[in-house]
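Hi,

Here is the structure I promised to pass on. Have a look at it first, and my notes on what turned up follow below.

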Amino acid sequence: MKYISTRGNVEPKGFIDTVLMGLADDGGLMIPDVIPSVSAQTLEEWRSLSFQELFLKIFSYYTNGEIPDGDLKELVERSYASFRHPEVTPLKEINDSQYVLELFHGPTFAFKDVALQFMGELYSYISRVRGEIIHILGATSGDTGAAAIAGVRGKEGIKICILHPHNKVSKVQELQMTTVDDANVLNLSVKGNFDDCQKIIKELFADLDFKSRYHLRAINSINFVRILAQTVYYFYAYLHLPQAAQGKTVNISVPSGNFGNIFSGYLAKKMGLPLGKLIIATNENNILERFVKTGEYKPGDFKSTYSPSMDIQVASNFERYLYYLLGEDSAKVSDYMAKLQREGAITVDPALLEQVQSEFAALGVKNEECLNIIGKYQQESGYLLDPHTACGIAAYEEYNGPGEIGITFATAHPAKFDEAISLLKIKQEFPAEIAGLSALPQHMTVTEHDKAEIASQLETFYTLSAEIG
Ligand SMILES: Cc1ncc(COP(=O)(O)O)c(C=O)c1O
Ligand SMILES: N[C@@H](CCOP(=O)(O)O)C(=O)O
């Protein structure tokens with residue numbers, strides 16, 4: 001398998017080179033040239049596999065043998081040894097038509113750990129085996145940053161710089177990132193919002209001279225391996241439904257921001273996983289809901305909500321979906337993206353909109369509704385949802401039809417977002433790993449929202465890294 005860019009101007013690459021490239025050098029996003037197909041019989045054979053075994057099966061379609069089987073197995077085993085649940089991503093039954101896939105049992109209590117624990121191991125492996133310098137640059141609305149740092153802190157040959165929006169992440173998220181005192185970690189707290197942080201890193205990646213001089217590597221979902229690692233739990237969830245649910249339509253509701261998690265579901269479906277609707281749940285930053293309902297993709301005004309990790313207006317992975325929606329025509333994708341840049345909005349025609357609506361449903365959940373859902377589920381079933389998951393549940397309630405099975409992804413543990421939970425006067429118990437954070441000193445540099453200033457901070461940090469790494 002080779003990997004190509006959504007914009008068509010990158011020579012086809014192998015798996016490891018795609019990981020290293022991150023953002024495609026032509027400004028697009030890397031995707032496989034052909035999506036492999038998993039037969040119904042193979043799926044049936046996968047039912048009894050553990051999460052780790054399933055991971056290896058799925059990756060075997062994508063890695064071209066560039067990582068020997070034994071090495072990949074070792075990386076996967078190490079990645080999930082740090083999870084607190086033996087199943088890694090357990091499926092919980094709420095009732096016989098409603099399930100929650102808990103994705104928060106990793107070191108930083110959010111779904112990002114699933115892909116980023118593996119990416120940390122993978123980067124470390126690539127650094128060791130290929131002698132590549134790994135200087136990670138990432139942007140976060142709170143969870144990616146914490147998980148990426150946890151995945152690579154203290155690892156030889158790797159440095160990581162994460163930009164987060166100043167005072168716009170939850171207290172626990174900030175502490176998880178900034179109490180790490182390893183010398184290979186730099187936290188920049190940027191005066192702006194997540195979209196500003198993401199825009200700056202994309203511009204720095206697009207400066208090919210800067211990118212190659214400082215060996216910039218991506219950990220955000222612009223990196224295809226993030227998307228691929230996230231497909232594993234779609235398969236896992238589907239294959240672990242009880243027998244009574246099998247054969248029914250299975251819809252998945254996914255709290256969404258950068259469109260990475262749900263794009264993994266789209267990929268899983270294209271590989272042959274027989275899912276019903278993919279339900280996009282957002283908060284009041286509802287660009288994706290507006291797109292699915294009207295065909296217009298237009299970033300709106302940024303709003304701070306109770307689910308800060310989804311406070312995103314410009315959904316990075318939308319371009320990957322656009323590629324498939326436009327019939328895998330990279331010239332058309334380039335035109336649409338140029339128009340978006342020029343005019344601030346793009347619209348798809350009615351025939352394409354019909355296709356979008358056959359593939360996705362979407363709901364932008366208001367702050368008040370988010371709290372109502374948390375309160376309701378806590379009272380009725382004793383299950384405490386985090387505010388992102390609550391948006392997912394609201395969208396499930398809106399779109400799951402009678403006789404259908406709905407799986408909502410629980411993308412974070414509620415302890416990360418007590419700012420919202422405490423508004424309901426719910427007193428939650430904090431896991432020890434989180435409770436202990438507030439006693440630790442924090443390390444971060446507050447920075448203007450200014451690309452040149454950030455580039456200069458990176459130059460200093462990455463130059464120093466040569467001595468450390
Ligand atoms: C807890 C949580 N839920 C949902 C999302 C949205 O996921 P995605 O950006 O992959 O759409 C994020 C951040 O991305 C998150 O941290
Ligand atoms: N919500 C994310 C935003 C970045 O998303 P990514 O999937 O592209 O890494 C976060 O928590 O940082």
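By class, how many nonpolar, polar and charged residues does the shell around ligand 2 have? There are no nonpolar residues in that shell, with 12 polar and 1 charged making it up. Before you read on, keep in mind that this is a predicted model.

Staying with ligand 2, there are 13 residues around it, and Thr-140, Asp-143, Thr-144, Asn-220 and Ser-221 come nearest. Helix α6 (residues 143-152) supplies the largest share of this shell, 3 residues.

Ligand 1 has 17 residues around it, and the ones that come nearest are Asp-143, Asn-258, Gly-260, Ser-309 and Thr-411. Its shell splits into 6 nonpolar, 10 polar and 1 charged. Here helix α11 (residues 260-271) gives the most, with 3 residues. You'll see Asp-143 listed among the nearest for ligand 1 and again for ligand 2.

UniProt (unreviewed entry) puts the feature "modified residue: N6-(pyridoxal phosphate)lysine" at Lys-112. In the model, Lys-112 is found in helix α5 (residues 112-130). Is Lys-112 buried or exposed? It counts as buried, because 33 other C-beta atoms lie within 10 Å and the cut-off for that is 20 or more. Setting aside neighbours within four places in sequence, Lys-112 is in contact with Asp-143, Thr-144 and Ala-147.

Now for a strand, β7 (residues 185-190): 6 of its 6 residues are buried. Val-185, Asn-187 and Ser-189 point one way, while Leu-186, Leu-188 and Val-190 point the other way. β7 pairs with strand β6 (residues 158-165) in the parallel sense, over 6 bridges. One pairing to click on is Cys-161, whose bridge partner in β7 is Leu-186.

Last, helix α3 (residues 51-60). Its buried residues are Phe-51, Leu-54, Phe-55, Ile-58 and Phe-59. Looking down the axis of α3, these fall within an arc of 130°, so they line one face of the helix. What covers them includes α2 (40-46), α4 (69-81) and α10 (224-239).

Cheers

Notes:
Residues numbered from 1 in each chain as written. Chains lettered and ligands numbered in written order. Predicted model: local features only at pLDDT ≥ 70, side-chain atom pairs only at ≥ 80, totals over all residues. Buried ≥ 20, exposed ≤ 12 C-beta atoms within 10 Å, placed from the backbone. Helix = DSSP H or I, 4+ residues; strand = E, 2+ residues; numbered from the N terminus. Arc of directions from axis to C-beta. Contact = placed C-beta atoms within 7 Å. Near = placed C-beta within 6 Å. Nonpolar A, V, L, I, M, F, W, Y, C, P; charged D, E, K, R; others polar. UniProt positions renumbered as here; feature names shortened; annotations may be inferred. Pairing = 2+ DSSP bridges.
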